Every structure is written in C-alpha cells, then in structure tokens.
Amino acid sequence: MFHMKINLFAKAKALESKIDMFHDKVIDSAMMFNKSLREYLNAGRSDEFKKINKQLRQIEHDADQLRRDIENRLYSQNLIPDMRANVLELVENLDRVINRFDEVSYQFYIERPDIPQIYHSRIKDLVEQVTDCAENMSIASRSFFRDLSLVRDYAQKVYFLEHETDLTSGRLKESIFDSDLHLSNKLQLSTIVDEIENIADLAEDSIDRLLIFTIKRDI
Amino acid sequence: MTEILFLFFLSSGLFLGWSLGANDAANIFGTAVGSRMIKFRTAALIASVFVILGAVFAGSGASQTLGELGKVNALAGAFMVALSAALTVYWMVSSGVLVSTSQAIVGAIIGWNLYAAKPTDWFTLSTIVSSWVTCPILCGIIAVFTYYGIKHWLKHSKIHLLRQDSYVRTGLILIAAFGAYALGANNIANVMGVFVASSPLQDVQVGGLIISKTQILFLLGGLAISAGIITYSQKTIQTVGNSLMEMTPIVAWIVVFSQSVVLYLFASEGIKNFLEGYGLPSLPLVPVSSSQAVIGAIIGIGLAKGGKNINWTIVARIIAGWVFTPAISAIVCFISLFFLENVFNLAVYQ
C-alpha cells in the first residue's frame, strides 16, 4: 500500500513536469513564430528564416510527442479520472495553436508572399498581438493546474488581445484592398492576415473551454 | 445442539449485518469508487478489515444504549427482531430507497416491546430519536466547516492538480478506513445488539488476551458486514451521492470525513468520558444512520454552495423512508413474533 502511494506521487510528479514542459512549448512556439515573421519581413526567405522555421517545426514535433505522452500517462496510469477528459481537451487545444504557428510560418516559406514595406509595421503589430494572446492563453492554462484564481485574469487578457487582433487585421485588410496592388496579391495578403489572426481565435476558443473546466475544478 | 440453534437464530442478525454492509458501505466509498478515484477491490478490502476492527474494539457503547431500549431476552425473539429489521432494509434497498438500519432495528425492538408487553424506555427512545435529528445537522455543520477550510487551503496552497489528485486518493483510502471503523463501532449495535442479552457464548482467552462474549458476537457481526460490503455494495454505490448532488472527489472526501467523525462521536466511549471529565456536553452513544449523516453533509455543502444543486425531491423521499422504516419494521416484527410464537411454539420473550 505504502509503495503504491509513493508510486502514485512519483507518477504525478513526472506528469506535472511533462505538462509544464508542454506549456513551455506553447510559449516557445509563439516567440519563435514572432521571430520567424520578423525575419521574413526584414530579409525574406533567408537562411536565418529557414533555420527559424526548422526550429519552429522541431518545437511543434516535440509538443506533439509531449501531448501524446501526457494523454497516454493520464489514461494508462488512471490519473485525475474526474478531470482527465478536460485536461486532454485543453492540451489538444493548446497543441492546435502550436500547430498553427508552425503552419503559418511554413506558409510564408512556401508562398513567399510579396509584402510591401508600408504593411510591415502593422503586420508586426498583428503578430505581436497574436503571440501575446497565445502566451497569455498558455499562462492561463498553466494557472488552471496550480492557481485557479489567476485563470480569469489571464483569460481576460486573451479576450482583450483577441479583440485587438480583430481590429488590427480588419484595418490591415481594408488598407490592402484600398491599395493599387494586383488583386491576386491582395487576396494572398488578405489570406495571410486571416491565417495569422485565426491563431488568436483559436486561443480564444481554448480559453472559453478552459473557463468551463475551471468552474468544474472548483470544489 | 445449543450452539447450532444459536447459530440458526443468529443468522437473522448476520443477514442484517450483510444488508448493512451492502447498503451503508456505499456511503463510505461510493463516490470514490463511482468516480474511479479508487478501485472497488481496494476500497472493499480496506473497509471490510476496518469495519470488523471498529465493531470488535469500539462497538460496545452504542450497543448498551440499544439494550436499554428493549432487552430482548429470548433468542427466538432476538432472531425475529433482527430478521424484521433485515427484511425491511432488504425490501427497501431492493426498491432503490436508501434506508437506515438503525431506524429499522429501533422499530423492530419497539415491535418486540409491544408484543412482549414490556415497557419501552421513553428516555432512551427520545435520546435515540433526537440523535436522528442531531446526527445529520451535526454532520452538515462539520461538512460546511471542512468544506470552507479545504477551499481556503486549496486557494492558498497553489497545489498542482495532479498532486492534489494524489492527495485526494490517499485521503479517500484513509477515510474509507476510518469511515469503516466508525461504521463498525457505531452500527454493530444494530446488527448484534439484540443478541447480547440472550447470547449463550462465553468469554475466550487467547494467550494473555481475553475476548469477551460480546466481542465474539461483534466479530461475527463484523464478518457479516464485511460479506455485505464485498458481495453487494458495488450495486448500491450507483445510487449514493451523485443522485443527490454532483460531487467532486474532494467533496466526496469531506462528506465521508464528516460522516465518519459523527458516527465515531456517537460511538466512542473514550471521547464521551473525556468530554464529561471536563464538564463538557457529550453526545449519547447511540447507533445512528450513516445515510442520514451523509445526507446531512451533502445538504450542508449544497447550502454552502448556494443550494442550487440539491435534488430536494430525493431528500424528501429519503426523509419519508426514515419515517416509514421504523414503522414498517415494528409492524413486521409484531406480526412475525405472533407467527413464531403461535405456529412454531417458540418463546419469543421471557
């Protein structure tokens, strides 16, 4: 019996660390995405951009492995049976955000969009807001495991930032379609802006679910 | 021959013990098993061992009080008192009603008193009946304080969800042990109390240890309760707790903790003597209903949470069961005693 309990605590501690590492990956991917797009805007598809893209892909790959490991452990070790489904959903939602960071950055790599200089600063703003949004989502999610009282604070920041991204992307697209660019170029830029902005929407969706899980977690 | 006859008459008490194990063990670990926090096998094993320990080592106090209500002085009478209570409990459990073994046995004893034209000690009866009211209220108060205490602690400890899960599991196992001990200590009186006066058993000396005849009786009762836990409690687990209010494992722990403390307070001679030694008010040592205690705790927590989650219809149905259980049990006992005395020519009282 004693051995069983020690084992249970050791298993919990190991999984705690995996979940923490997974949250680190969300923040890493957000920062790397920011770096990647800044590099693209500054130097196009440079070697440095390719290197950053590769690093982002690695982060996404590591996060996938961590997610699978967390899911496996939760079920095979029968941990938190009452909250297991919620934790799995949460981890999957966060993973979706990481995947999108990787996919959007890769889209830049593949499509090599031609972005006029006048839009650079606003795209940088948008990327900044989206990455901030994802980072706050990650902190809110981390708080869910340790300090429920903080979840709402960070959730509020996510909602605020998501709204900001809506405004920024709206203004950006307006300005793109008001320009003299070729329609195909306009459509490509607009799609890319949408893709970036959608990451904030994903973060918001994941926060919506997180707030419900938080109510459930309260005793 | 006497031993065989004794065992035959004791069988109704053992059946009652089995019913109690099948019914009341669900109060101790029902939610923990239902929510898959602990395995049924682990919970049943721990509860089986501790229910026997509680019965043998701390069961005498509540049993004496029950003896004062009606000293069932003939073995055949004791057989029928226990059988009537057991049948009432079994019938009501089968109908899906959470019943109180304590109230069934009290009803059956009163049925015996009426049949045997023995006076019912109204002081003892009022003490027992008042405990039926005190028990859930006290349990509710303890549950509310524990609930707020744990909520406060969780808020400030910033403990990780997974570590919290480990603590809760450990806590549920420990509380299953304590809950079973308290259940054995308090409720063995329901199962074996009526046989104490008419038991032909003798004290036994094992090495330097003397096991009293009452303890042997309680050991047998404890084994019957354990058998009920192992063989049938899994079925009753489905109806406990969550049908009254959605419970998280922590709330389940609080409910079992409060229930165990209350059951122990109503069974512990040590605590009673300690409190009286300091001139403090103490609780009477009476068998109380673990179902009542659980409901008191759940309602207490439900009210602390705003009272929105409580299924009051179920509460009303359970309260109705509390009224009908002793009444049905008394009627069944009275009729059965008549049958036993006049058809089988057995002395059901002296």
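The model is a predicted one. Over all chains, the salt bridges number 21.

**Architecture of chain A**

- Along the sequence, the elements of chain A follow the pattern α-α-α-α-α-α.
- Taken along the principal axes, the C-alpha atoms of chain A fill a box of roughly 75 × 35 × 20 Å.
- Of the 219 residues in chain A, 51% are buried.
- Among contacts in chain A with a separation of 6 or more, 82% are between residues 24 or more positions apart.

**Contact between chain A and chain B**

- Chain A contributes 27 residues to the contact and chain B contributes 29 residues.
- A:Phe9, A:Glu16 and A:Ile219 supply 30% of the area that chain A buries against chain B, more than any other three residues.
- Three salt bridges are counted between chain A and chain B.
- A:Glu16 takes part in a salt bridge with B:Arg163, in which the closest N and O atoms are 3.2 Å apart.
- Seven residue pairs, both members at pLDDT 80 or more, are in polar contact between chain A and chain B.
- On the side of chain A that touches chain B, the elements giving two or more residues are helix 1 (2–43), helix 3 (84–111), helix 4 (120–146) and helix 6 (183–217) of chain A.
- Helix 1 of chain A provides the largest share of that side, with nine residues.
- By class, the side of chain A that touches chain B has 16 nonpolar, one polar and 10 charged residues.

**Salt bridges within chain A**

- A:Asp62 and A:Lys25 form a salt bridge whose closest N and O atoms are 3.7 Å apart.
- This pair links distant parts of the chain, with A:Asp62 in helix 2 (residues 47–76) of chain A and A:Lys25 in helix 1 of chain A, 37 residues apart.
- A:Asp62 counts as partly exposed because its relative accessibility is 22%, whereas A:Lys25 is buried because its relative accessible area is 17%; the cut-off for buried is under 20%.
- A salt bridge also joins the side chains of A:Arg209 and A:Glu89, at 2.6 Å from N to O.
- Because A:Arg209 lies in helix 6 of chain A and A:Glu89 in helix 3 of chain A, the pair ties together parts that are 120 residues apart in sequence.
- A:Arg209 counts as partly exposed at 33% relative accessibility, and A:Glu89 is partly exposed with a relative accessible area of 26%.

- B:Arg169 forms a salt bridge with B:Asp165, with the closest N and O atoms 3.0 Å apart.
- An α-helix has 3.6 residues a turn, so residues three or four places apart point the same way.
- B:Arg169 and B:Asp165 both lie in helix 7 of chain B, four residues apart, about one turn of the helix.
- B:Arg169 counts as buried at 6% relative accessibility, and B:Asp165 counts as buried at 4%.
- Salt bridges that share partners join A:Glu16, A:Asp20, A:Asp24, A:Arg142, A:Arg146 and B:Arg163 into one network.

**Helix 2 of chain B**

- Helix 2 of chain B covers residues 40–58, and its 19 residues should span 27 Å at 1.5 Å a residue; the end C-alpha atoms are 26 Å apart, which agrees.
- The buried residues of this helix include B:Phe40, B:Ile46, B:Val51, B:Ile52 and B:Val56.
- B:Ser48 and B:Gly54 are also among the buried residues of helix 2 of chain B.
- The cover over these buried residues includes helix 1 (2–34), helix 3 (60–69), helix 7 (161–192) and helix 8 (213–237) of chain B.

**B:Thr325**

- B:Thr325 lies in helix 12 (residues 312–343) of chain B.
- B:Thr325 counts as buried because its relative accessibility is 0%.
- Leaving aside neighbours within four places in sequence, B:Thr325 is in contact with B:Thr88, B:Met92, B:Val99, B:Ser100, B:Gln103 and B:Ala104.

Key: Residues are numbered from 1 along each chain as its sequence is written. Chains are lettered from A and ligands numbered from 1 in the order in which they are written. This is a predicted model: local features need pLDDT of at least 70, side-chain atom pairs count only at pLDDT 80 or more; totals for chains, interfaces and linings use all residues. Side-chain values use heavy atoms; hydrogens and water are left out. The expected span of a helix is 1.5 Å times one less than its number of residues. Buried means under 20% relative accessible area, exposed over 50%, partly exposed in between (1.4 Å probe, protein chains only). Contact means heavy atoms within 4.5 Å. Buried area is the accessible area (1.4 Å probe) that two parts lose on being put together, summed over both. A salt bridge is a side-chain nitrogen of Lys or Arg within 4 Å of a carboxyl oxygen of Asp or Glu. A polar contact is a pair of N or O atoms within 3.5 Å; within protein, one must be able to donate a hydrogen and the other to accept it, and residues adjacent in sequence count only if both atoms are side-chain atoms. Ala, Val, Leu, Ile, Met, Phe, Trp, Tyr, Cys and Pro count as nonpolar, Asp, Glu, Lys and Arg as charged, and the others, Gly among them, as polar.
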